[in-house]
Amino acid sequence: MRLRALLLLPFLPGLCLHAVTAQTPTTLQPGVPIERTLEAGQVHEFTVDAKENSMVKLVVEQKGIDVVVKIASPDGKSLAEHDTPNGEQGPEQVSFLAAQEGKYRISVSPLGPDGSTSGQYVIKLIEVRAATDDEIEVSKNREAAKAKGIALLLDLRDAIAQIKSPSTRIDAQLRAANLLREH
């Protein structure tokens, strides 16, 4: 058994490299569609250059694969995750406020626990423009509400621990954990 393992050892780096193939992110340009095939377990990365307080809008047209689109700020902070319940066909409309100047990372990956599906999609940057005062205010309000919600859930942590029924306590803990999953 050890001999077999030693014989396979030289091939492991190649196998591992194949499983996590690095991809240089493609910079999206307004109005220029990019069509890609997404295989199981892959993540395609794109970037969008934006100035401070810019509104960014893009669309991912799904063609036989249900995808999730994730947005990260220039400093790597997760901003949003988009998946509408339209299945393997149709658009994923994505818009976000670029609060700081820099390259925002857009990740496209198969939806699902195992990511075992494959198919095609087209990603297109619709626009990058100066955000209106209303859009900036809505974004600030959303962030404030999110912070209050997280604080409330953290405050409930002690109360949840006091629930006597194990199944009810576990259910409440799982629900709270699911709400806090991104944070």
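## Close-ups of two open sheets

**View 1. β1 and β3 line up side by side.** In this predicted model, strand β1 pairs with β3 (residues 44-50) in the parallel sense, and two bridges link them.

**View 2. Zoom out to the five-strand sheet.** β1 and β3 belong to an open sheet that reads β1-β3-β8-β5-β6, and its pairing is mixed. Which strands sit at the edges? They are β1 (26-27) and β6 (78-82), and each of them pairs on one side only. As a quick reminder, strands of a sheet pair through backbone hydrogen bonds, and they can do so in a parallel or an antiparallel way.

View 3. β5 (residues 67-72) and β6 are antiparallel, with four bridges between them. In one of the pairs, Val-69 stands opposite His-82 in β6.

**View 4. Now the four-strand sheet.** This one is open too, with its strands in the order β2-β9-β4-β7 and antiparallel pairing. At its edges you'll find β2 (34-38) and β7 (89-98), each pairing on one side only. On average, neighbouring strands of this sheet are turned by 25° against each other, if you ignore direction.

View 5. How many bridges join β4 to β7? Count 10 of them, between β4 (residues 54-63) and an antiparallel β7. Met-55, for example, has Leu-97 in β7 as its bridge partner.

Methods
Residues are numbered from 1 along each chain as its sequence is written. This is a predicted model: local features need pLDDT of at least 70, side-chain atom pairs count only at pLDDT 80 or more; totals for chains, interfaces and linings use all residues. Side-chain values use heavy atoms; hydrogens and water are left out. Two strands pair if DSSP finds at least two bridges between them. Axes are lines fitted to C-alpha atoms, for helices over the stretch in contact, and angles run from 0 to 180 degrees between N-to-C directions.
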